[in-house]
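Biologist: I have a fold open on my screen and want to learn how to read it. Please walk me through it feature by feature.

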Amino acid sequence: MSHISFSFDPNWMDTLTAPFMTNAFLAGLCIAFAAGVMGYFTIARHSTFAAHALAHIGLPGATGAVLLGLPVSVGLGAFALGGALVIGALGKRVSEREIATGTVLAFATGLGLFFARLSSSASQQMQSILFGSILTITNGQILGFAIFDVVLLAALAIIYRPLLFSSLDEQVAQAKGVPIGWMNVAFMAIMAGVITIAVPAVGTLLIFALVITPAAAANILVASPLKAMIVSGVICLISIWGGLVLAAMFPAPPSFIIVTISTVIWAVAKAIESARHR
């Protein structure tokens, strides 16, 4: 049985300045930007289940990529994007998205387990896929994350207003001529990219803590959509960077600490909200 020790590491600064930690911090910055922005839209569009499911839909892509000798992120991104496009096309309304999401999720999860059984390498990498491995982020992955952030910023510059309008009031937006179907597809496609770059940090099982939880806390603290996106990104960044620092000081899985910090911040925000209503 493995033993996890939370004793203080006096050499934590050496660990913190190691090259792999530098990569982890840079990856965290890229992830926080994307997750902070899209987390707000996910909550506004009532698509939290879909966002959580996309990570699991990417599971067969990740295990299938290992089976074929391809990078995990390639398979994960391909399946997440494919699932996102199917859900976005079939689920034009919230109720329809729930059904489409659940159906695609069930099939993808089963397929992922099937691929894992076909390859011992895939089975061995299941833990990092499920729970993340931010300390193994490579320079190539960071470049990919940065490119995605630039693409995300460019896409939002084009569709920000109709996407926000359809997220806050879908019926009125449709009456005003906003292409709701295309907005659904665009949103889900962008979310697939966010999931792809966030999974290496916390894995498919804990992705909710980076994409949804910071945005939920931000929505409690501020009212403006733009401010909520910024605060959400800051909370996400604090969670990742704080998790990395604490993981260096008290050796423990970074993903566990990252999720814990994110959850604690959300709990504090909820406490503040309760105090306001008293």
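**Reading the model**

Modeller: Start with burial. Helix H4 (residues 59-68) is largely enclosed by the rest of the structure, because eight of its ten residues are buried. Keep in mind that this is a predicted model.

Biologist: Which residues of H4 are buried?

Modeller: Leu59, Pro60, Gly61, Ala62, Thr63, Gly64, Ala65 and Val66.

Biologist: What covers the buried residues of another helix, say H13?

Modeller: First list them. In H13 (residues 213-221), the buried set is Thr213, Pro214, Ala215, Ala217, Ala218 and Ile220. Then look for contacts. The cover includes helices H2 (19-44), H12 (208-211), H14 (225-249) and H15 (254-276).

Biologist: Which stretches does UniProt list as "transmembrane region"?

Modeller: The unreviewed UniProt entry lists residues 20-43, 64-87, 99-118, 130-160, 180-213, 225-250 and 256-272. Next, check such ranges against the model. Residues 20-43 are 100% helix and 0% strand, with the end C-alpha atoms 33 Å apart. Residues 225-250 are 96% helix and 0% strand, and there the end C-alpha atoms lie 36 Å apart.

Biologist: How many aromatic pairs does a search of the whole structure find?

Modeller: Three. One of them joins Tyr40 and Phe41, edge-to-face, at 5.8 Å centre to centre and 75° between the planes.

Biologist: Are Tyr40 and Phe41 buried or exposed?

Modeller: Compare relative accessibility with the cut-off: under 20% is buried. Tyr40 has 7%, so Tyr40 counts as buried. Phe41 has 0%, so Phe41 counts as buried.

Biologist: Why is the pair of Phe41 and Tyr160 edge-to-face?

Modeller: Read the angle between the planes; over 60 degrees counts as edge-to-face. For Phe41 and Tyr160 the planes are at 80° and the ring centres 6.2 Å apart, so the pair is edge-to-face. This pair links distant parts of the chain: Phe41 is in helix H2 and Tyr160 in helix H9 (residues 139-168), 119 residues apart. Tyr160 counts as partly exposed because its relative accessibility is 25%.

Biologist: Which residues do the ring pairs link into a cluster?

Modeller: Tyr40, Phe41 and Tyr160.

Biologist: Where does the charged end of Arg45 sit?

Modeller: For this feature, look at a charge and a ring together. The charged end of Arg45 sits over the ring of Phe187, 5.1 Å from the ring centre.

Terms used: Residues numbered from 1 in each chain as written. Predicted model: local features only at pLDDT ≥ 70, side-chain atom pairs only at ≥ 80, totals over all residues. Heavy atoms only, no water. Buried < 20%, exposed > 50% of the residue type's maximum accessible area, 1.4 Å probe, protein only. Helix = DSSP H or I, 4+ residues; strand = E, 2+ residues; numbered from the N terminus. Contact = heavy atoms within 4.5 Å. UniProt positions renumbered as here; feature names shortened; annotations may be inferred. Phe/Tyr/Trp six-rings, centres within 6.5 Å; stacked < 30°, edge-to-face > 60°. Lys NZ or Arg CZ within 6 Å of the ring centre and 35° of its normal.
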